[in-house]
Amino acid sequence: SRDQKPFHIVSPVLESLSLSRAAGTKVYMKLENVQPTGSFKIRGIGHLCQEAAKKGCSHFVCASGGNAGLAAAYAARKLGVPVTVVVPSSTGPGTVLRLQEMGAEVEVSGQVWDDANSRALELVKTKGWVSIHPFDHPLVWQGHASLVQELKDSLDTKPDAIVLSVGGGGLLAGVVAGLWQVGWQDTPIIAVETWGAHSLHAALEAGQLVTLPDITSVAKCLGAKTVAARALECAKECQIISQVVEDADAVRAVEQFLEDERMLVQPACGAALALLYTGRLQRLQRERRLRAPLGSVVVVVCGGSSIRPAQLRALKDQLGLQ
Ligand SMILES: COC[C@H](NCc1c(COP(=O)(O)O)cnc(C)c1O)C(=O)O
């Protein structure tokens, strides 16, 4: 059949003067927050859903912190396939409502993503539904790789680093796949997590997969207790510099980004922005883990939809930020 158009859009790449000033290097923003449903997820999730629908699957089920679920609901609606999204109790009521408005069945199960995923696996087993994994599937990585192809098409020169957030490692795996596709595999990736959701950092330190005891970060959308095995393999195929930031830095970065660029993103995205706002790039240069000077870096503004001004205020109160 004629190949369907993808559900994602070609997102803008814009230079950020404020991030460039803070990082001491030209910073380009890849604005995935303007994708349908507000995050990069639609790239990989849309691709997986389209491929599953081609095989005639009758019902999707997606365990998600929220954004992958929204992407799955969007794709399912376009494809006319029923979808059940399982979210943990840490996912706000606003997201549950939005999922239902998009036509998804929603189940709230457990405290963290891993609990919701256990419930989703039950539904796959008992009902023969098809799992739409939020980060651990080759078709998800293939879909996310389109982001790098767009960078290749829009930037005059190869960036000297790509900064991105890591939850389960799907975005990371997709960017690595994309870098190899466009011949930019020697571009270092700065993979950022928040403490309390640092499953990749722990795995890289241990040299094997590590399951965190709990997710204690406010960045619940980075909340996979174990990173995908593929993410660990990526470290053998590309230079991955793992960095971890504090929740407070991620939330302050959300607020600073709103001030600077008039866009509101989730703390999961704030983590990557915090690396640039808090001088961590310059520290990596001082430590000789990155070249100095750098020509330019790209930050993936991964977005995230369940964030409103009231939730930003609540996060600041929760963390004791003025
Ligand atoms: C628990 O949640 C996993 C996944 N969120 C993942 C996520 C990430 C990290 O992407 P990953 O590394 O999981 O592919 C970054 N930035 C945002 C805004 C995200 O929502 C989800 O929505 O189900």
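A: Gladly! This is a predicted model, where local features need pLDDT of at least 70 and side-chain atom pairs count only at pLDDT 80 or more, while totals for chains, interfaces and linings use all residues. Residues are numbered from 1 along each chain as its sequence is written, and side-chain values use heavy atoms, with hydrogens and water left out.

Q: Which polar backbone atom is 2.8 Å from an oxygen atom of the ligand?

A: A polar contact is a pair of N or O atoms within 3.5 Å. Here, a polar backbone atom of glycine 169 lies 2.8 Å from a ligand oxygen atom. The ligand exposes 530 Å² when taken alone, and the protein buries 100% of that; such accessible areas come from the Shrake-Rupley method with a 1.4 Å probe. Glycine 168 also has a polar backbone atom 2.8 Å from an oxygen atom of the ligand. For asparagine 67, an N or O atom in the side chain is 2.8 Å from a ligand oxygen atom.

Q: How many residues surround the ligand?

A: A residue is near a molecule if one of its heavy atoms lies within 4 Å of it. In this model 24 residues surround the ligand, with Ser64, Asn67, Gly167, Gly168 and Gly169 the closest. Helices are DSSP runs (H or I, at least four residues), numbered from the N terminus. Helix H3 (67-79) and helix H8 (170-182) each supply at least two residues of this shell.

Definitions and conventions: Polar contact = N/O pair within 3.5 Å; in protein donor to acceptor, adjacent residues only side chain to side chain.
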